Amino acid sequence: MGDLESNEGFAALVEPHRRELLAHCYRMLGSVQDAEDMVQETFLRAWRAQDGFEGRASLRTWLYRIATNVCLTALAGSPRRPLPTGLGQPPSDPTGQLDSRPELPWLEPLPDALVWGRPEPAPDEEVVSRESVRLAFVAALQHLTAQQRAVLILRDVLAWSAAEVAAALDVSVAAANSSLQRARAHLVSVRAGRAARSEEPAGDQSAGGSLVDEFARAFESYDVARIAELLTADAVWEMPPFTGWYSGSAEIARLIETQCPASGPGDMRMVRTAANGQPVLALYMRDDEGVHRAFQLQQLTVHDGRVAHVACYFDTALFGVFGLPAVLAPAGSADLLLRHEAGAERRVVVHPG
């Protein structure tokens, strides 16, 4: 933290706000790694400007104002971070060639451990609501301009007044209200399109523990028919950096049968974690030497007892962000003790291959 570490009093004041500021910067940027950098920059700027903090607003409000402007500066000239469904093309052929674009900045998941610190925080301690960082919501924000994104988050997520937002962004109240109206209208149209593709189903999107475990077992058994049964009929599957996306349980089953490098039971092993308040399965694929190595992260959206949407992230650098190992211990271990970067230790079940 650089200079902040030389002033324990100031660090003690700002550190409790780290998790919620991380969530705020993530909503703005769509990248957990960039968000962590922006929180550090926020604290550094706050340290440098502390003599000018006159206390007319709360420390929390002051930090949010700095963080918002730090993110706006970072977004200047930067492309948005989409998921493949946000690129505007129709569903792809599951048996066709996979087009990879690793150079594009893709939307990233936000590990729960970095925001809430433990799996089930007390309700009065949960400053960041899970709905405010849902993958579908953050993906929709990517369709807004940087200023529209900031205004909508400050007004509709943080419940700031129009005057507070205008002061934070150094614009008029009229300009802030105009940006909010345009942002809300655009968000409605984006969400309508997502709902039409079953990407953002209405209703319960809870973790669905037994369903997620069953989904993991189906992959570990390489039971494609069972995987299809656990998907909704109109489920959506996408997997950055591949640009294609796939619609319908039958099409997704064909995708897995034709494109997945697994050939039978035991080739894949799954470790369960969570991101954006949603369940995530870390998939490890067995290589030619019999070692299970990090392969992809599957983020699930659950609806009515089935998996309605799967975002698969092939950027294996994200395993480190989640505190997950690059290689699993040999099959047969009952469990695996993982230490997450957030500082929490927890036991994660590993289904034997």
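Is Val212 buried or exposed? I began with this residue, and at 0% relative accessibility Val212 counts as buried, where buried means under 20% relative accessible area, exposed over 50% and partly exposed in between, with a 1.4 Å probe and protein chains only. What I am reading is a predicted model, in which local features need pLDDT of at least 70 and side-chain atom pairs count only at pLDDT 80 or more, while totals for chains, interfaces and linings use all residues. Residues are numbered from 1 along each chain as its sequence is written, and side-chain values use heavy atoms, with hydrogens and water left out.

I placed Val212 in helix H10, residues 209-220; helices (H or I, at least four residues) and strands (E, at least two) are DSSP runs numbered from the N terminus.

Because Phe215 and Phe219 are four residues apart in helix H10, about one helical turn separates them. I noted Phe215 as buried at 0% relative accessibility and Phe219 as buried with a relative accessible area of 3%.

For a second pair I went to Phe295 and Phe314, whose ring centres are 5.3 Å apart and whose planes stand at 75°, so this pair too is edge-to-face. Phe295 lies in strand E5 (residues 292-303) and Phe314 in the loop between strand E6 (306-313) and helix H13 (317-321), so the pair ties together parts that are 19 residues apart in sequence. Phe295 is partly exposed at 22% relative accessibility, and Phe314 is partly exposed with a relative accessible area of 21%. I also recorded that Phe215, Phe219 and Trp237 form one aromatic cluster.

**Nonpolar cores**

Which residues touch the most other members of the largest nonpolar core? I found them to be Tyr284, Leu297 and Leu324, in a core of 70 residues, a core being a set of buried Ala, Val, Leu, Ile, Met, Phe, Trp, Tyr and Cys residues joined through side-chain atoms within 4.5 Å. Helix H4 (residues 59-75) gives the most to this core, with eight residues. Apart from it lies another core, of 33 residues, including Tyr222, Leu255, Ile256 and Cys312.

**Helix H2**

I next followed helix H2 (residues 18-29), whose twelve residues reach 16 Å from the first C-alpha to the last, close to the 16 Å expected at 1.5 Å a residue; the expected span is 1.5 Å times one less than the number of residues. H2 is mostly covered, since ten of its twelve residues are buried, among them Glu20, His24, Cys25 and Arg27. The cover over these buried residues includes helix H3 (32-49), H4, helix H5 (112-115), helix H6 (135-141) and helix H7 (146-157), with contact taken as heavy atoms within 4.5 Å. Just after H2, Gly30 takes a positive phi of about 75°.

**Cysteines**

How many disulfides does the count come to? I got zero, a disulfide being a pair of cysteine sulfur atoms within 2.5 Å. Cys71 is in no disulfide, and the nearest cysteine sulfur, that of Cys25, is 3.5 Å away; Cys71 counts as buried at 0% relative accessibility. Cys312 is likewise in no disulfide, with the nearest cysteine sulfur, that of Cys260, 9.9 Å away, and Cys312 is buried at 0% relative accessibility.

**Backbone exceptions**

Most residues other than glycine have a negative phi, and most peptide bonds are trans. Against this I noted Ala159, with a positive phi of about 60° although it is not a glycine; Ala159 lies in the loop between H7 and helix H8 (162-169) and is exposed, with a relative accessible area of 61%. Asn276 has a positive phi of about 55° in the loop between strand E3 (268-275) and strand E4 (278-286), yet Asn276 is buried at 0% relative accessibility. The peptide bond from Pro240 to Pro241 is cis, with omega near 15°, and Pro241 is found in the loop between strand E1 (231-238) and strand E2 (245-247).

Terms used
Rings of Phe, Tyr and Trp (its six-membered ring) pair if their centres lie within 6.5 Å; planes under 30 degrees apart count as stacked, over 60 as edge-to-face and the rest as tilted.
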